[in-house]
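Here's a walk through one structure, taken a piece at a time. Keep the model open beside you and follow along.

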Amino acid sequence: MNSTKTGKVGRKQERKAMKVDFDGKLTQAQRMKLKYFSGFFLKKVVLVIFRLVLLIGISYIVLFPFISKIAGSFMSPEDFVDVTVKLIPKYPTLTTYKAIIVENNYLKAFLNTFTLSLLCAVVQTAICTLVAYGFAKFKFKGNKILFFAVIFTMVVPHQTLMLSMFMKFRYFDVFGIIGLLNKMGIVSQSSINLINTYVPLGILSFGGIAFKNGLYIFMLRQFFKGVPDELEEAAYVDGSGTFRTFVKIIIPLSVPMMITVFLFSFSWQWTDSFYTNMFFTTDGTYLLPNIVSVPKSLSSSSFVAQDLYNSAIKNTSVLLIIAPLIILYCFCQKYLVQGIERSGIVG
């Protein structure tokens, strides 16, 4: 073994000495010609240029819609009738932002949406972590069937459950208890109306059946399956119980994955319009998806380019909605990438 290593080192030193001796016999111009005008170098340059052009083209396709919407949000009505204006407004203004913030109650909608998204994200992260840990580390009868049911929730369209969920929370009665009390004359109503409250989303989150919870459970289960069983066995030997092992050993290891699930849950609840429109039916409910409308002060039937202006106003509302998510992503990008890598989900 040592002789083999010695031979390899000797041959390497011999090649290095030959290269130094060869370079010493060449002039500077000859060395430059061999280095920069060889077929290998030209092939490498072409590959780099092709990759650069491809990345610039993809970046342009992805970013141009955002750039055009941002530019349109600062345009005045005069800019929309001026054919010379493309991206840079001649008469920049903040009127659109002011009207959306004031007339569409952006700040109130922001606070309500933030509270709802934060509560749902925290509850869903905690519940999905417990459920996924049970699926990954405990063998019990019906484990595969229950996990198949979790995966099945990712396949079933939510629109198929819309009517049943609405009726269930419109006439909410757990196990018929309220109806029984009504028949006995103890209460005056046979059910509870939970529509236009946060309670339906809270119940779905606590039950682990809220929006995208099947995906969160799957991601966390994939992560927990990669945690060595020896860590838990060592904790059991030291006298720790199942719950203490989960809190002291598993949770500290899964912080990046839990942050990823929290970000997914927060972001999807932030921009959700399906559940919010289903459970909040009154006009007085201020949530961010409901502010995408044209303020009265900016609507005019006599304006020639009113349709274009209305589109720009709605795009500005969307920008105000997604701006907090972009800021959140900038601070949590590292944890998001780590969580996706550790979950084993690629492609």
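Where is the place of N196? Look in the loop between α9 (177-183) and α10 (199-206); helices here are DSSP runs (H or I, at least four residues; strands are E, at least two), numbered from the N terminus. Before going on, a word on the ground rules: this is a predicted model, with residues numbered from 1 along each chain as its sequence is written. Local features need pLDDT of at least 70 and side-chain atom pairs count only at pLDDT 80 or more, while totals for chains, interfaces and linings use all residues, and side-chain values use heavy atoms, with hydrogens and water left out.

Back to N196, then. Its phi is positive, about 65°, although N196 is not a glycine. With a relative accessible area of 31%, N196 is partly exposed (buried means under 20% relative accessible area, exposed over 50%, partly exposed in between, using a 1.4 Å probe and protein chains only). N105 also has a positive phi, near 55°, and is a residue other than glycine. You'll find N105 in the loop between α5 (95-103) and α6 (106-137), and at 28% relative accessibility N105 counts as partly exposed.

Now for a couple of buried spots. S205 sits in helix α10 and counts as buried because its relative accessibility is 1%. Setting aside residues up to four places away in sequence, S205 touches C120, V123, Q124, I127, A210 and N213, where contact means heavy atoms within 4.5 Å. T245, in helix α13 (residues 242-253), is buried at 1% relative accessibility. Leave out its neighbours within four places in sequence, and T245 is in contact with E232, A235, Y236, S240 and I250.

Next, a helix pair. Two packed helices are described by the angle between their axes and the distance between the axes. Helix α11 (residues 213-225) and helix α14 (residues 255-270) pack at about 170°, with axes 10 Å apart. Axes are lines fitted to C-alpha atoms, for helices over the stretch in contact, and angles run from 0 to 180 degrees between N-to-C directions. So α11 and α14 are roughly antiparallel to each other (over 145 degrees; under 35 is roughly parallel, 65 to 115 roughly perpendicular and the rest oblique). On the α11 side, the contact is made by L215, Y216, M219, L220 and F223, and on the α14 side by M257, T260, V261, F264, S265 and W268. Those contact residues divide into 9 nonpolar, 2 polar and no charged (Ala, Val, Leu, Ile, Met, Phe, Trp, Tyr, Cys and Pro count as nonpolar, Asp, Glu, Lys and Arg as charged, and the others, Gly among them, as polar).

Helix α11 turns up again at the largest pocket, giving the most to its lining, with 4 residues. That largest pocket holds about 430 Å³ of space. A pocket is found on a 1 Å grid over the protein atoms alone, as an open set of points where a 1.4 Å probe fits, with protein on both sides within 12 Å along at least five of seven lines; lining residues have an atom within 4 Å of a point. Of the 19 residues lining the largest pocket, T153, M154, H158, I209 and A210 are the closest to its centre. Its lining divides into 12 nonpolar, 6 polar and 1 charged.

The second largest pocket has about 320 Å³ of space. S68, G72, M75, F80 and K86 lie nearest its centre, and α3 supplies the largest share of the lining, 6 residues. Here the lining divides into 10 nonpolar, 5 polar and 4 charged.

Methods:
Points joined across faces, edges and corners; volume = space filled by probe spheres on them.
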